[in-house]
Amino acid sequence: MEAQSPKGSRLDPWIDEYAVRAQSLTASEIRALFAVASRPEVVSLAGGMPFVSALPLQSIADSVAKMIRDQGSYALQYGSGQGDLTLRGQILDVMSDTGVSAHPDDVVVTTGSQMALDLVTKVFCDPGDVVLVEAPSYVGALSVFRSYQCDVEHVAMDDDGMIPEALAETIAAVRASGRRPKMIYTVPTYHNPAGVTQTQSRRDQVLEIAQREGLLILEDDPYCLLGFDGAVPTAIRARDSDQVVYLGSFSKTIASGLRVGWAVAPHGIREKLVLAAEAAVLCPSNFTQSVVSEYLGNEPWREQVDVFRGLYRDRRDALLESLQQLMPPGTHWTVPAGGFYSWVTLPEGLDATAMLPRAISELVAYVPGTGFFDNGDGAQNLRLSYCYPEPERIREGVRRLASVIETEIEIGQTFGTTNTLHHPHGSGIPTPDIA
């Protein structure tokens, strides 16, 4: 008979030995979906995977081969903990349309912007510190904040992004409770998961609140170049380089598999981020940085971004047209002006998580809304991603999803558990009462 550890469990005998912070390391609903959603018969409206097949792959292959021939001994060696200097200069050009101006010394290259999120949180947050985030918020950020034992407080948002009055009230309530608000995390442009974009006046008001309250803004801006009308909203950091740490990524505009992102930070913060990065990984990959640098230096990358814009716009249109035609009354969704996502509110009484097994059996996948909240909210919501499937697949996925929702409504009506709302279809996140 197999001996059992006196502590822990038969499945994991070390369970009682983990650090307290490890208790929050749980699988996200998105990651758990990947195994199912990747089956070819399933229409996945779940994962936000960029359509990398639209890249000029042969041209990139030729550029990589040339880079290896010309500078392979550099690309395959250890590098700087802050990142390659040439690439940091090129990043300034990539950011220029957002209004962010900086010096290459202000840039820290990271293994995707997710690493930058982790480093900023590591540097700033003690257990119990409060991070203020939108409701809903990016699931990867929530995972980082939990891993450092932060308290997360959601701030109401609507079609124009985070509501400044709600932010001020939430900060006041946190202070009144004796807790310490530490920073504001926001995805102001083509929000993940809500698909909305914060207006310029809202950005100014959020910044003014942060300045008044002495709070850092962590501005996560990976989708900024993917506006369907070609416009690039001005970043919050463009107005204040001391109050804001700005995060960017090549995952959406080149390829997610390269895992190259960056942070732009004030001098003191930058030094701490470099030290934290060196402690974690020694240095970002010289090879992938060299690939990105070669691409930016020798490929028409702005034209390629235009290709992505058009491709994602067509897929967004296919999603919205299908939602309008097929969704039952009481269903609402946001109308994104860029990025990858639309946020759907189901008819009253439906639960997106409880509905997911039926959706999978009907061969369509989405992400339930609860994964984008730290407090259990979002049961009536789901995120739809339109970036990867072809338009016809998107239409078929929406058809399957609409059928699932209608079935859930019928079951609810039969058993008296659902109260559907019969009013016109529309867009927008219902604005909570913030009084």
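Let's start inside: this structure holds 2 cavities of 30 Å³ or more. A cavity here is a set of points, on a 1 Å grid over the protein atoms alone, where a 1.4 Å probe fits but cannot get out, and lining residues have an atom within 4 Å of a point. Before you click on, know that this is a predicted model, where local features need pLDDT of at least 70, side-chain atom pairs count only at pLDDT 80 or more, and totals for chains, interfaces and linings use all residues. Residues are numbered from 1 along each chain as its sequence is written, and side-chain values use heavy atoms, with hydrogens and water left out.

**Stop 1: the largest cavity**

Select Val 94, Asp 221, Pro 222, Cys 224, Leu 225, Tyr 246, Gly 248, Ser 249, Thr 253 and Trp 262, and you have the lining of the largest cavity. About 60 Å³ of space lies in there. Strand 8 (residues 244-249) gives the largest share of this lining, 3 residues. Strands (E, at least two residues) and helices (H or I, at least four) are DSSP runs, numbered from the N terminus.

**Stop 2: the second largest cavity**

Now pick Val 94, Leu 225, Phe 250, Thr 253, Ile 254, Tyr 295, Leu 296, Trp 301 and Val 305, which line the second largest cavity. The space in this one is about 40 Å³. Look for helix 9 (286-298) and helix 10 (301-326): each supplies at least two residues of the lining.

**Stop 3: some salt bridges**

A salt bridge is a side-chain nitrogen of Lys or Arg within 4 Å of a carboxyl oxygen of Asp or Glu, and a search of the whole structure finds 23 of them. Show Arg 88 and Asp 105: their closest N and O atoms are 3.8 Å apart. Arg 88 sits in helix 3 (residues 85-95) and Asp 105 in the loop between helix 3 and strand 2 (107-110), so this pair ties together parts 17 residues apart in sequence. Arg 88 is buried, at 7% relative accessible area, while Asp 105 is partly exposed at 37%. Buried means under 20%, exposed over 50%, and partly exposed in between (1.4 Å probe, protein chains only).

Which of the two is buried? That's Glu 408, with a relative accessible area of 17%.

Last, select Asp 126, Asp 129, Arg 180 and Lys 182 together to see a network of salt bridges.

Methods:
On a 1 Å grid over the protein atoms alone, a cavity is a set of points where a 1.4 Å probe fits but cannot get out, and a pocket is an open set with protein on both sides within 12 Å along at least five of seven lines; lining residues have an atom within 4 Å of a point. Grid points are joined across faces, edges and corners, and a volume is the space filled by probe spheres set on the points.
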